[in-house]
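Me: I am new to this structure and would like to learn how to read it. Could you take me through the sheet and then a helix?

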Amino acid sequence: MAKPSKLKARLPRGLTDRGPAEIAATRHMVEAIRVVFERYGFEPVETPAIEYTDALGKFLPDQDRPNEGVFSFQDDDEQWLSLRYDLTAPLARYVAENFQNLALPYRSYRYGYVYRNEKPGPGRFRQFMQFDADTVGAPTMAADAEMCMLAADTMEALGIPRGSYVVKVNNRKVLDGVMNVIGVLVEKQLTVLRAVDKLDRLGIDAVRQLLGPGRKDDSGDFTQGAGLDPLQIEYLSTVIQHQPNLVVGKSTEVDTWNKNLEENESAKSGFAEMREIEASILAAGYSDRVRIDPTVIRGLEYYTGPVFEVELLLETKDEKGRPVRFGSVGGGGRYDGLVSRFMGQPVPATGFSIGVSRLQAALTMLGKLGEKREPGPVVVTVFDRDRIADYQRMVSALRAADIRAELYLGNPKNNLGGQLKYADKRGAPCAIIQGGDEKARNEVTIKDLMLGAALAGIEDRAEYLKKQAEAQFAVKEDALVEEVRKLLARHKDV
RNA sequence: GCAGGCGUAGCUCAGUUGGUUAGAGCGCUGGUCUGUGGAACCAGAGGUCGGUGGUUCAAGUCCACCCGCCUGUACCA
């Protein structure tokens, strides 16, 4: 007699189920972010979670299959569709499609889930929420500077105090110029950028190894390096640890590089852009929150100039006390080529996204987000099993008065104790009881569960029961709604 | 992908040098119990010991491969 094999209930990795407390926290975060974004003049626009893969620019080079890392499938026309991996690429598609109807510069915001098929980790999910703002059609650096200020204001609106986060700014053109000037081969530039990006995580020694022959990590795994020569490594590590234009020569070769860097079009333009952003930041009074950081790389695909990243400076630890690295909780930059892919004309654009899910995970771990959930409904207990209709009437009266309420729907044979236990687990503010005694006097008993919960520490059971009895009171049947309303008001600020 | 660690009930875990019918606590369901939340007592449900193959008289235990999870690392628009 083989039993039917039971299906294993399991959640795919990198995805999470979310309970009432987490949903409430997200709602509060989203609302706080929305207020700031609207204050900056952005208007809401939403696009769907699915786009044509080519609109996202996500085909593998020289293949007609989508890139790994993005969830893709074919529809019945055999056209490739993908789940969006950020909110920027779909916005570019939207702008291109509605270009003639939009007032430029077009400033909009949106939030929603995005999807990445990557290895998950702490604060890294395969479905996660982003909150994004973009200014399309504005070439000026003022638009980029504003993104940095928006990022800072948003962090503070989320309750992260000044000094506990930093907005870092860099410009892709600078490192491009540096690499060209010191003669990094084109095919090695990607490796170099990846190495530079790891400075804050692995430290300068590891980065130098990655720029040179390679590095072996703690588990013994070896990562191939970029194979630069010692002088190139020296120059790069100086650049990424200081301001690029502060490099001091140690040899004629470095002197030549410095001179060339000053004349390099890309680097020159990058420095000029950073100075413009700096000026805006200073004028607006944000220089204590926004900082130039020559190691910010921000992915590799569509950014063309300024890039920004928001980092939490608070140290996070997991439940076992081990430090956890969350990486950036937001980022963005200028993507002057993204919209023009769809159009015959250049369309400059810049944007910024908050990683809501990652930030929430970090704040939860820091204990900055309450685990506390919203209060549950008032629970009307079933005392006399044959009077369920009466109890239902009370529930309806409470609901009609806009009070969350429910009838005890469990096994009605459960005695009062069991029903109160249920109400307690639901987080009910109070329970309504009407047994024969109350009924005879046209009364109902309201038991204040929040008050009673405070008594849980009492050791002596008799004493405990006595105190519990004091946390309840009888009212006339027709005063039920009014009395419950008063009780809820009493607990409102607790 | 690579390296290491770990997989026994819904959860946390025990299980001896390989030895009968794989256990505990918590939780769950029912009962003691139709007048009060934290309790107590009783009963019950819940396991192909991650999977497959091998060694053996005998495998939760030993071996191989696979799968999954965790950590590091790589990739990360």
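This is a predicted model: local features need pLDDT of at least 70, side-chain atom pairs count only at pLDDT 80 or more; totals for chains, interfaces and linings use all residues.

Me: In what order do the strands of the open sheet lie?

Reply: The order is 1-5-6-15-14-11-7-10, eight strands with mixed pairing. Strand 1 (43-44) and strand 10 (290-292) are at the edges; each has a single partner strand, so one side of each has no neighbour in the sheet. Strand 10 pairs with strand 7 (residues 165-171) in the parallel sense, over three bridges. One of the pairs there is valine 167 with valine 290.

Me: What joins strand 15 to strand 6, and to strand 14?

Reply: Strand 6 runs antiparallel to strand 15, with seven bridges. Strand 14 is also antiparallel to strand 15, over five bridges. Threonine 350 in strand 15 stands opposite threonine 135 and is the bridge partner of arginine 334.

Me: Which way do the residues of strand 15 point?

Reply: In a regular strand, side chains alternate between the two faces of the sheet. Here Ala349, Gly351, Ser353 and Gly355 point one way, and Thr350, Phe352 and Ile354 the other. Seven of the seven residues are buried, so strand 15 is largely enclosed by the rest of the structure.

Me: Which residues of helix 8 are buried?

Reply: An α-helix has 3.6 residues a turn, so residues three or four places apart point the same way. In helix 8 (residues 204-211), the buried residues include Ala206, Val207, Leu210 and Leu211. They span an arc of only 140° around the axis, which puts them on the same side of helix 8. Their cover includes helix 6 (186-197) and helix 9 (230-241).

Conventions: Residues are numbered from 1 along each chain as its sequence is written. Chains are lettered from A and ligands numbered from 1 in the order in which they are written. Side-chain values use heavy atoms; hydrogens and water are left out. Two strands pair if DSSP finds at least two bridges between them. Helices (H or I, at least four residues) and strands (E, at least two) are DSSP runs, numbered from the N terminus. Buried means under 20% relative accessible area, exposed over 50%, partly exposed in between (1.4 Å probe, protein chains only). The arc is that of the directions from the helix axis to the C-beta atoms. Contact means heavy atoms within 4.5 Å.
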